[in-house]
Number of protein chains: 2
Amino acid sequence: ATGLGSSSLRFEEKPNFVILLMDDMGWGDLGVFGEPSKETPNLDQMAAEGMLFPDFYSANPICSPSRASLLSGRLPIRNGFYTTNKLGHDAYTPQVIVGGIPDEEILLPELLQKHGYRNKIIGKWHLGQQPQYHPLKHGFDEWFGAPNCHFGPFDDKKTPNIPVYKDADMVGRYYEDFLIDRKTGESNLTQIYIKEATSFIEAQTTKGQPFFLYWAVDATHEPVYASRDFLGTSRRGLYGDAVRELDSGVGEILATLQRLGVDKNTLVFFTSDNGAATYAKTNGGSNGPFLCGKQTTFEGGSREPTIAWWPGHISPGQVSKQTGSLMDFFSTFLDLASIPAPADRAIDGISLRSALLHSNVTDRPIFYYRGDLLMAARLGQYKAHLWTWTNGLEEYHKGIDFCPGENVEGLTTHKQTNHTDSPLLIDLGADPGEKYIIKPHSSVYRKEMPAILEAVSKHLSGLKPGVPQLNWCDSAVMNWAPQGCEKLGRCLPAPKSQPYKCVWPH
Amino acid sequence: ATGLGSSSLRFEEKPNFVILLMDDMGWGDLGVFGEPSKETPNLDQMAAEGMLFPDFYSANPICSPSRASLLSGRLPIRNGFYTTNKLGHDAYTPQVIVGGIPDEEILLPELLQKHGYRNKIIGKWHLGQQPQYHPLKHGFDEWFGAPNCHFGPFDDKKTPNIPVYKDADMVGRYYEDFLIDRKTGESNLTQIYIKEATSFIEAQTTKGQPFFLYWAVDATHEPVYASRDFLGTSRRGLYGDAVRELDSGVGEILATLQRLGVDKNTLVFFTSDNGAATYAKTNGGSNGPFLCGKQTTFEGGSREPTIAWWPGHISPGQVSKQTGSLMDFFSTFLDLASIPAPADRAIDGISLRSALLHSNVTDRPIFYYRGDLLMAARLGQYKAHLWTWTNGLEEYHKGIDFCPGENVEGLTTHKQTNHTDSPLLIDLGADPGEKYIIKPHSSVYRKEMPAILEAVSKHLSGLKPGVPQLNWCDSAVMNWAPQGCEKLGRCLPAPKSQPYKCVWPH
Ligand SMILES: [Ca+2]
Ligand SMILES: [Ca+2]
């Protein structure tokens, strides 16, 4: 299949950009990626009209670092979204976190904003809940959503319920004003997020101003929820209901673009922030044929269900062989909007322009980090595990299993195991499930490993780690008195500051 | 999605039928079912133009019994394709087998033949290699292919190479006249099978006589092979090369039907005879998200990648929620050709007419047999394991692993374990990978299990097992002197008859 020639790509206006970012949705949750019940007709149609990326990766197997990387185009080890409290441990931004996205990071919306775009984030931010870290301080013009995960309900004494913001001000809290029924799973939040998206698109189309919409919905993150019309409609239980509702939301958003006649000027990416939470068992999603899930650097934790859609520019029904990363959105959007990328820092994303428009493939490595530790690297269709780990036996014996029903000797270890002397090689083409470790004395190993190690060595030698943002926790920084709480009479008293080193068990 | 009304289905001529039966191809080997490299564009297109059946089953997790059931519409326990040498052991038809398809069985081609159809089998028969069992004695008018698997090369002294037949006569032998290079995997057999298919369709179209084509190709069964043009073209190794060649063959066959203008009068099914041979590791296929593989009654052994295609009758792009079986081809074809099914015996297939033409769903149980033992049963989206077994520890310790990298406590047992007192319940909707056994005291268990057990009880109470055909082996019955060998000067001396009880290790 061939893309359209670049000659047809004349941006008289700058293109709009939409990222439909799911939360903890797995590669295997989409019909087009093999979910057996095939309950995602809108996403499958999006793929039929666009380009599928089966080899697309998050920069990290959990929420916050993945999202920080998406917006900064840089690995967590560079943008500071990691911890050094414990080697190779996952860390994120619960509401006790002190840190957040550093001011020195230049986010995609900041650059777009400077070049005339209006940007909106709908849903979960997750790059720090302290005021200085909020989206409107980092390039977004509008926000509807929350700074942290929708965990709860809390008692508002020891722990405040998570606030929901409209732009700079809090407009209510989860479980108080924005309900999620923890027994039935009912919540109308996805419907609100859909309406927020279509209204924004309509407003921007009327204005004729280019826009960036970051639709960071979270119905597939625990606690999973769906609205009444979708409850009980899936063969897959509540999780499937949530997927169906999000799928219908994608359908509504694409239909809105088409109805308004801006589809041909809007590049839309659908993807997810990390692999499905296999530890949630049937309350979580599916990583299809891939090993393990969220929190791990196996394919199940890192590979994301990705579709690009841009009628008139991307030829329909294509499957890209490009190895991609969520960090590529940064470089791709800048490229397509003719905005120079920052030249004073390393950018890990690459522009997918040529992949999208000409079906070309660019060789590039993928680095799988967990916390501060480079766990694995992929080049071409081969992946080298430099370290292996699922989680510690203590956690595992508590029933936390990142690889339920799976056990690949030497790979799914419960000890952090260092293989840097002789990395474990996997052929992701013939063995996408990472079950068969290639012998070090084989010709394949001798052929493929040197190039991977060279890429690793090059990466590490040039690496300047950012200041780790996820080391310190403090109850005082929780969402006690978010801006706007006074107007609502909903401010809560904050405790005295008592910073402590965050505990990251995995 | 709705099908076309029955009013539009007026068969002025009887419809043609084509079964494209793969050998050991897994559910997860097709792009449309989530194979990550997405290398089956023709099959994916067939699905886009037709109806996908994600919940479709073989009657047995190995070749011969699965195929006997496909052609007879009856479970192996009825048609005799099982052994009683050992409880619940898999058995098939190696060339030492004495038995074959019994004359009492009425095969689909026999009935079609009586009603004016001309029938051709291309590829592997596998229902007995003794002359009385051959396809031309059981309803087929033409044959190009072999009675047994393409194992070898043999020495023609202790073991004869497997013959290839054209109709009633042998025309050569594997590894002598029909080459498979065991080092490179090169063989042009699939190309021959494609040509045989398109020539037959052309001839029948010219004649204007309805036809049944049973394309039983075997390139994905060990030893896996592909022709030179396809070698090295897949990201998945030789196995992927074979899949790509078969995929292109499907494309050629469908294009031939279209070119000749008979596509709207030809119902085509694509499927496979059993799950991918996971024990073959990267030399075998993929069962996607499903547990274990060939030889087992887990979903990986039993669920088949199935697509129906019938332009003008089946609306394009549908996904059927019908639970189906390879045995349904028997009942469906008879129904669509207005041929009465045999009334003197139990038929396990059901007609899929209503599923195909009206997108309806009929409730029906699926019975998972291994040898003479009913291992599991599915009703709706729930599956009850009455027995569990992978293989014995002795075999397992030899390195034969039906569930590589997988281990579900209580399910993937290495002892034949009887759970009939309290069967293990699985929700295949939320848990297609069979990882989470539902607790017997849960409300779901109490709601779903009785109906499954009632279906099991009804099935077993009415069951009259056929005479087991797979108990006896004898070197004298091997392919020493197939009909036609005299003309070629290729007859081999047979040893004296020494029947013995076949050994079935799994
Ligand atoms: Ca997440
Ligand atoms: Ca087979």
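**Entry 1: two aspartates of chain B**

I looked up Asp24(B) and Asp273(B) and found that both are buried, where buried means under 20% relative accessible area, exposed over 50% and partly exposed in between, with a 1.4 Å probe and protein chains only. The model is predicted, so local features need pLDDT of at least 70, side-chain atom pairs count only at pLDDT 80 or more, and totals for chains, interfaces and linings use all residues. Residues are numbered from 1 along each chain as its sequence is written, chains are lettered from A and ligands numbered from 1 in the order in which they are written, and side-chain values use heavy atoms, with hydrogens and water left out.

**Entry 2: the calcium ion of chain B**

Asp24(B) lies in the loop between strand E1 (16-22) and helix H1 (41-49), and Asp273(B) in the loop between strand E9 (266-272) and helix H7 (299-302). The pair, 249 residues apart, thus links distant parts of the chain. Helices (H or I, at least four residues) and strands (E, at least two) are DSSP runs, numbered from the N terminus.

I then checked the angles.

**Entry 3: the calcium ion of chain A**

I found the calcium ion (ligand 1) coordinated by Asp23(A), Asp24(A), Cys63(A), Asp273(A) and Asn274(A), at 2.2 to 2.6 Å. Its donor residues are spaced D-D-x38-C-x209-D-N in sequence. Cys63(A) lies in helix H2 (residues 63-72) and Asp273(A) in the loop between strand E9 (266-272) and helix H7 (299-302), so the pair ties together parts that are 210 residues apart in sequence. Cys63(A) and Asp273(A) are both buried.

**Entry 4: helix H2 of chain A**

How many of the ten residues of H2(A) are buried? I counted ten of ten. The cover of H2(A) includes strand E1 (16-22), helix H3 (76-79) and helix H8 (328-336) of chain A. Just after H2(A), Gly73(A) takes a positive phi of about 70°.

**Entry 5: chain A and its partner**

Chain A has twelve helices and 20 strands. Its radius of gyration is 22 Å, close to the 23 Å that the globule rule gives for 506 residues, so chain A is as compact as a globular protein of that length. The radius is taken over C-alpha atoms, and the rule is 2.2 Å times the number of residues to the power 0.38. Buried residues make up 64% of chain A.

I recorded 38 residues of chain A in contact with 38 of chain B, contact meaning heavy atoms within 4.5 Å. Pro36(A), Arg235(A) and Tyr436(A) supply 24% of the area that chain A buries against chain B, more than any other three residues. Buried area is the accessible area (1.4 Å probe) that two parts lose on being put together, summed over both.

**Entry 6: Ala308(B)**

Ala308(B) is in strand E10 (residues 306-309) of chain B. This residue is buried, with a relative accessible area of 0%. Among the residues it touches are Phe53(B), Val268(B) and Leu356(B).

Notes:
Donors are N, O and S atoms within 2.8 Å of the metal (3.2 Å for Na, K and Ca); water is not among the atoms, so sites may look incomplete. Lists of a residue's contacts leave out its neighbours within four places in sequence.
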